[in-house]
Amino acid sequence: MEAVPYLALASAVAALGLAYFFFADVKKASPGNERMVFLMTEIQNGAKAFLTQEYTWVGAFGVVMAVLIAAVIAPLAAVAYILGAFLSALAGYVGMTVATMANARTTEAAKDGPGKALPIAFRGGAVMGFSVAGLALGGLMIVYVLFVLVMKVDDAFEVVTAYGLGASTIALFSRVGGGIYTKAADVGADLVGKVEAGIPEDDPRNPATIADNVGDNVGDVAGMGADLFESYAGSIIAPISLVAFALALTAEEATATTNISLLMFPVGIAFVGMLASIVGSFLVKGGASTDSKALSKALHMGTNVAMGITVIATIGIAMWLFGSNEDFDQPIGLAISVIGGLIVGWALGKTAEYYTSDHFGPVKKIAEQTNTGPATTILGGISAGMVSVAASVVLIVVGIGIAFYGGEMAFDNIGALDGGIYGIAVAAIGMLATTGVVVSVDAYGPIADNAGGIAEMAELDPSVREVTDALDSLGNTTAAVAKGFAVGSAALTALALFKSFEFAVAKASAGEVVLDLDIGNVDVFVGLFLGAMLPFLFAALTIDAVGRAAQAMIVEVRRQFAEIPGLREGKPGVNPDSARCVKISTDASLKEMIIPGALAVIVPLVVGFVDIDALGGLLAGSLVTGFALAIFMANAGGAWDNAKKYIEAGAHGGKGSDNHKAAVVGDTVGDPFKDTSGPAMNILLKVMTIVSLVFASAFV
């Protein structure tokens with residue numbers, strides 16, 4: 001039992017070793033001709049320059065937070081905070097670096113068909129996936145072993161929780177900053193290029209094309225990686241902190257063996273999930289067909305196998321840790337909680353796939369609505385996104401019910417710890433146990449997208465673009481699936497962290513302060529409304545930021561088409577000023593990310609120091625509306641995007657038709673929905689909750 005943290009640490013090292021293996025495998029593939037290498041290098045340099053500047057800005061914010069944590073909580077908590085932030089940033093940087101290497105190599109492989117291209121794109125994404133999972137779990141285990149087991153510091157679990165806050169800080173700014181960057185470039189490139197100039201996507205004449213491809217990497221690879229790093233670490237920290245803060249109130253009612261078993265169970269699940277992901281990653285192989293169903297089956301093979309292994313191993317871990325302990329009635333109940341979370345996470349992903357894939361009715365209906373123009377196209381996407389919220393909420397409620405039932409089946413109460421609440425907490429790690437392979441599948445999408453851009457800009461044979469388009473269309477769906485996992489786990493993790501916050505308040509005040517969540521309490525009622533408002537304000541700020549940055553991009557692209565003779569006509573030797581567009585996206589995104597990012601940290605601190613009950617209401621209100629808004633925005637945006645790709649594949653008049661122009665407008669509206677505001681929403685929820693938990697002792 002005491003060996004579990006060390007086993008988890010070993011599995012994290014194995015994941016990092018696998019990431020290096022995949023890196024070497026991708027690197028040895030050919031990047032293509034001189035033009036393709038030039039384009040790959042331009043994208044890589046732009047992405048590295050942006051991340052360097054972004055991390056410099058976020059680092060300054062992190063230093064302020066570290067000083068505040070050291071002064072208010074403990075110096076060692078500041079150390080854990082810095083480690084969490086550093087490892088999250090490192091995972092994003094490593095993943096982005098390899099993704100920008102894999103893009104041209106995927107394009108070159110696409111000349112020989114999807115059977116060659118799919119594995120390279122996946123393995124490029126797998127470097128991101130296993131870097132994220134390995135660094136997140138490895139760093140957390142180092143913090144746990146060092147501060148809890150070796151040094152046995154006072155309030156050790158507050159220190160462990162600070163690691164999660166560090167990861168959340170980087171995730172929030174990376175998602176917001178990267179999301180603003182990529183969508184400003186994407187919107188500018190689409191509206192001026194496709195709609196006004198009537199030129200293809202990723203055409204080398206378009207000055208915003210390089211910036212758009214850079215954005216895919218800083219937003220959808222580095223930003224997404226930091227997001228899942230934070231989600232994964234948070235899902236492990238949530239049940240650990242719940243146990244620690246609950247049993248600290250009633251330590252005499254639980255044996256040492258029971259304490260250790262409860263603390264180690266989520267770590268054990270992370271361990272077996274990591275091993276399962278490693279096995280699953282080797283099972284992704286491409287075929288000869290560009291049919292999206294065949295590609296989807298090949299890509300999801302690894303995820304499905306990893307999930308199956310995790311289900312079996314979870315039962316074994318539960319019986320090992322709890323089977324011979326009299327404090328637990330039916331240990332299989334906790335396995336049911338975890339497996340329920342895993343299945344609901346998968347079901348959320350499948351729901352997202354239904355509403356965002358062009359194989360199903362919702363996307364085909366949106367494509368059909370382009371017959372009557374952009375307005376009906378937008379209305380169709382909004383309604384599809386809203387309907388998907390209903391299905392997702394039903395699923396999350398079912399997941400909570402299964403997890404609560406499983407926890408109650410295992411034990412009623414151990415001290416202040418309720419079995420049902422513990423079951424819900426471990427269900428979140430069930431959703432993200434296979435993070436390594438889930439992120440690999442998600443990061444594959446931007447690589448395939450970039451591969452298509454390079455094929456177009458390098459003016460390769462149209463058959464190459466057909467292969468990369470098939471890979472890219474699937475990538476939009478896999479991204480929606482990963483967002484389903486992330487936002488579902490966010491809801492369960494936030495609930496567990498919220499309960500931990502309640503226990504932390506009681507512990508810090510020696511039982512004198514009890515969090516009141518009675519909505520008849522005016523403070524709580526006001527907090528609920530403030531919390532319900534915050535996700536909408538956050539979404540508005542980030543969408544406005546994309547809008548302002550995109551306006552600057554549109555003006556610049558129009559200027560270049562008007563002022564550079566022969567650019568629109570594609571005369572030989574006439575090239576756009578792509579560097580200018582890259583700079584516009586970089587400057588705008590860095591400036592615009594500060595206010596939305598700071599909002600998530602400052603608001604709970606201000607409310608918490610004013611009234612602890614109002615803070616409880618605020619966290620509850622933001623959790624409910626934030627979850628619904630995140631699902632709505634991610635699925636609506638994905639549906640618009642794939643409706644556009646469905647038309648570009650030949651439906652309803654194909655490229656260049658009025659239907660296509662209407663679909664591009666819908667896709668443009670959906671871009672900040674699915675890649676900026678929506679994905680950042682789940683981080684907002686957890687950042688506010690974990691800030692409240694870390695500073696609970698200061699509030700009282």
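**Reading exposure and aromatic pairs**

Q: What does Leu146 count as, going by relative accessibility?
A: Leu146 counts as partly exposed because its relative accessibility is 38%. Buried means under 20% relative accessible area, exposed over 50%, and partly exposed lies in between (1.4 Å probe, protein chains only). Leu146 sits in helix H4. Helices are DSSP runs (H or I, at least four residues), numbered from the N terminus.

Q: What should I know about the model and the numbering?
A: The model is predicted: local features need pLDDT of at least 70, side-chain atom pairs count only at pLDDT 80 or more, and totals for chains, interfaces and linings use all residues. Residues are numbered from 1 along each chain as its sequence is written, and side-chain values use heavy atoms, leaving out hydrogens and water.

Q: How many aromatic pairs does the structure hold?
A: There are 18. Rings of Phe, Tyr and Trp (its six-membered ring) pair if their centres lie within 6.5 Å; planes under 30 degrees apart are stacked, over 60 edge-to-face, the rest tilted. Phe322 and Phe328 make a tilted pair, 4.6 Å centre to centre with 55° between planes. Phe322 is buried because its relative accessibility is 0%. Phe328, at 5%, is buried too.

Q: Which geometry does the pair Phe525 and Phe529 have?
A: That pair is edge-to-face: 5.2 Å between centres, 65° between planes. Both residues lie in helix H15 (residues 522-563), four residues apart, about one turn of the helix. Phe525 is partly exposed at 41%; Phe529 is exposed at 55%.

Q: Which residues do ring pairs link into a cluster?
A: The cluster joins Phe265, Phe322, Phe328, Phe411 and Tyr422.

Definitions and conventions:
Helix = DSSP H or I, 4+ residues; strand = E, 2+ residues; numbered from the N terminus.
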